[in-house]
Amino acid sequence: MKFGGTSVEDATAIDRVASIVKSRLPERPFVVVSAMAKVTDQLLAMAAAAGRGEREQALDGCRTLRERHYNTAGELLGTGLHTDLHTDLGAEFDSLDELLRGIVAVGELTPRTSDYVVSFGERLSSMIATPAFLARDIPAILVDAREVIITDAQHSRAVPQVDEINDRLQDRVEPLIEQGRVPIMGGFIGATREGVPTTIGRGGSDFSAALVGAGLGAERIEIWTDVDGIKTTDPRICADARRIKVISFEEAAELAYFGAKVLHPATVLPAVEKNIPVLVLNSRNPANEGTRILSRTPRSRSLFKAIAAKNRITIIEIVAARMLMAHGFLAKVFEIFARHRCAVDVVSTSEVSISLTVDSHEAIPQIAADLEQLAFVKYSGRKAIVCLVGENIRETAGVAAQVFDAIRDINVRMISQGASEINLTFVIDEADVPEAVRRLHAKFFAEVDAEVFD
């Protein structure tokens, strides 16, 4: 069971989580918690301020966080339990304070140090949740993620070492579950074999939960958020977005990658390998069935399952009339993106040019400069990827005609279909996204299959 930041944002939310976990006790749960809402962003801001030498700003942030966590713990616990926890939390905040002062003194924020600062968020929330659960008759026990989630040393995007994680789970966690305990662990963070703290990317608490679920052979993985599962599109854009009751792993992964914020893209991978269902549920409305993600889903009458949009995209166009079809040209192009650690989303090619999209990335000017050694380059920002996902695209003729007829007066800059059999992707201006999504949703979700949508 993984609970996101809004599910553990304050004492009321943590109390609600405890009730949900208590209802699952016969099923022997393992609990993963994120940092309290907004804490990761605050920690990153404090670290950045310290790196710029802004000592007071960084330490003020630390004081604010200290007070918030003390207040939350005080509301959750009686005097005796709170006294013990207050001491433990104080020691953590003293360490964070000292770390920030050290960054200021050195005058440099490295990725390794940034990971160490950010790791405090999940450690603190799990430290508070454990005694809160105990006080509510849940036999909780704190598990340090740094002793279980073993990763490489690629800070901020560390790669989990699955075999070693599974060994740690079997050695250190399975005995606790056999004893009837409920392990509580912070998500998102891990450590190298040498014990240096790492993080596995923003949204990585979902990934942590999936790694643990796969390693322990869980019956299911529950991702608890603040919405009733995955919707057919962003309800902030389209008020009549529907809840998807059941979706395939493949569809969910495409949606997550192309902008659906409910799920981290990597989450589904460990679950797919072990064929473990993933449920996306709402901690504020636990009676709702949410969305069930399965390896195989029932056949739906609807053409699409959902529409996702990913903003802050830049199109890069590379034109090389003589070089494009030359041996090794594409390899050289993508080697440049790899060198700058910049992922490419969508690619289209013609006889003389390549168009591709990347998340707006601070390295784009340097990437363009490197590419200009090979070809003529231009780039334009403020674009968005719109992605329609559904397994029925595979066998349906005329899908593209229906889609582009609905947005015939909106300028489409790139189109991609075929790399995945279950999505149709195109790129438009960011400003056109709300109108495009609303039109497509009205066309394809006016009538839907009641077995698949709510």
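At what angle do helix 6 and helix 7 pack, and how far apart are their axes? This is a predicted model, in which local features need pLDDT of at least 70, side-chain atom pairs count only at pLDDT 80 or more, and totals for chains, interfaces and linings use all residues. Residues are numbered from 1 along each chain as its sequence is written, and side-chain values use heavy atoms, without hydrogens and water.

The angle is about 65°, with the axes 9 Å apart. Helix 6 is therefore roughly perpendicular to helix 7 (65 to 115 degrees counts as that, under 35 as roughly parallel, over 145 as roughly antiparallel, the rest as oblique). Angles run from 0 to 180 degrees between N-to-C directions, and axes are lines fitted to C-alpha atoms, for helices over the stretch in contact.

Helix 6 contributes Val 162, Ile 165, Asn 166, Leu 169 and Gln 170 to the contact, and helix 7 contributes Leu 211, Val 212 and Gly 215; contact means heavy atoms within 4.5 Å.

Next, helix 3 (residues 55-76) and helix 5 (residues 111-135): their axes come within 10 Å and cross at roughly 10°, so these helices are roughly parallel to each other. His 69, Thr 72, Ala 73 and Leu 76 of helix 3 meet Leu 124, Ile 128 and Ala 132 of helix 5.

Methods
Helices (H or I, at least four residues) and strands (E, at least two) are DSSP runs, numbered from the N terminus.
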